[in-house]
Amino acid sequence: MKSKKIGVNTICTHVGEIKDEQFKGAISPLYMSSSYAYENVDIKRYPRYFNTPNQEALGKKIAALEHCEAGMIFGSGMAAVSTALLAFLQSGDHVVVQKTIYGGAYNFMVEEFPKYNIEFDFTDGFSEADFASKIKPNTKVIYVETPSNPLMLITDLEMISKLAKKHQLVSMIDNTFASPINQNPADFGIDIIIHSATKYMGGHSDICAGTVAASKEHMDKIWNLGKNLGGSLSDYTVWLLERSIKTMGIRVKAQNRNAKKMAKWLDEHPLVSKVYYPGLKSHPDYKIARRQMYGFTGMLSFELVPSINPQAFMEKLLMIKQSMSLAGVESTILSPSKTSHALLSAEERKRQGIAEGLLRFSVGIEDKHDLIADLEQAFEAVAKKQIQKV
Ligand SMILES: *Cc1c(COP(=O)(O)O)cnc(C)c1O
């Protein structure tokens, strides 16, 4: 083969795989051993050291997918987030955090950082000035998440990495919503790339896991803390995750296509007042999204007109399920104001632009005409009820 760059679907299918020398099986064997003979003082394999054969194999795939030198697998997305953050922070340090981030990461910072005397500030917005104005002499880390949940706002990755380099900060991103298929933050100079593999990497709503990709130098620090905190993943689940990632490229591209169709269809629907999807020209961050994303993800949000009860609408859906999580091959929907953002006050939700009628739609791989048929019959059912009331 000519030395052309290896394609993303080939990375998904093959990179890191363990050759089955004994039986010549087609896939990586699963090694469930928690105990290994030590080869020398440097190589001691142990699940909590993140270096069993399956953990190492999948780590290579994650690194390749995110264009980084090293990859590590964790027991959950939050194990990855918390270990990565604490690896670069100590008492007296400060973190600049993007305004809207995943609720679990928000809770981790708000509830745990004060115990370690780690300071943090949330930005007021997504611009360079919003981030720069929060940097202090003791700032060590800049933490972003793009696209954001649930409004799919986009943070400019090149801007963040330049700002971080100028102030010698470690830049970290939660890349879960994009998946490595749609966005490779390392290409823009971001240092640490985190995923909740529970979402697009797992993709079938049956695995809880997390990943980190970074340079070898940064990963050494994360590994060092990781082995002390102990947030590793069982090899059985590591192996299942390797299996899932093989189809991630084709799954996510199908979800991108479906979501774009749904966004356009919903945008024209009379009972929908607003659609938030970075692949729509009307999205305020469309241009930045075009610049830094290969695809616009399977995630979108839409607002129902005030006369429609969002709960009633969701209950009328026959195929699209109500679900807390996201990014599975099956389409799911939730009301952020009743779930992920329920703990915020009504005022704070309003400030963040999260209307009571906002629904977050995780678009799956079903045929688009079936998805549209389900949405259409639910709209018809709630609209009819409304007419009956009058
Ligand atoms: C789900 C999620 C997490 C946390 O992952 P877990 O696997 O649930 O620990 C972090 N960030 C984002 C954006 C998520 O959606």
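Analyst: The sulfur of Cys-12 lies 15 Å from the closest cysteine sulfur, that of Cys-68, which is too far for a bond. The model is a predicted one.

User: How many disulfides does the rule give?

Analyst: The count is zero disulfides. A disulfide requires a pair of cysteine sulfur atoms within 2.5 Å, and the 15 Å from Cys-12 to Cys-68 is therefore too far.

User: Why is Cys-12 called buried, and what is Cys-208 called?

Analyst: Buried means under 20% relative accessible area, and exposed means over 50%. Cys-12 has 0% relative accessibility, so Cys-12 counts as buried. Cys-208 has a relative accessible area of 44% and is therefore partly exposed.

User: What makes strand S12 largely enclosed by the rest of the structure?

Analyst: Five of the five residues of S12 (residues 358–362) are buried, so the strand is largely enclosed. Leu-358, Arg-360 and Ser-362 point one way, Leu-359 and Phe-361 point the other way, and all are buried.

User: How do you know that S9 and S11 pair with S12?

Analyst: Pairing requires at least two bridges between the strands. S9 (residues 299–304) is joined to S12 by five bridges, and the two run antiparallel; Ser-301 stands opposite Arg-360. S11 (residues 332–334) is joined to S12 by three bridges, also antiparallel, with Ile-333 partnered by Phe-361. Both strands therefore meet the requirement.

User: How are helices H2 and H9 packed?

Analyst: H2 (residues 53–65) and H9 (residues 235–245) pack at an angle of about 35°, with axes 9 Å apart. H2 passes H9 in a left-handed crossing.

Methods
Residues are numbered from 1 along each chain as its sequence is written. This is a predicted model: local features need pLDDT of at least 70, side-chain atom pairs count only at pLDDT 80 or more; totals for chains, interfaces and linings use all residues. Side-chain values use heavy atoms; hydrogens and water are left out. Axes are lines fitted to C-alpha atoms, for helices over the stretch in contact, and angles run from 0 to 180 degrees between N-to-C directions. Helices (H or I, at least four residues) and strands (E, at least two) are DSSP runs, numbered from the N terminus. A crossing is left-handed if the near helix is turned anticlockwise from the far one by less than a right angle, and right-handed if clockwise. Buried means under 20% relative accessible area, exposed over 50%, partly exposed in between (1.4 Å probe, protein chains only).
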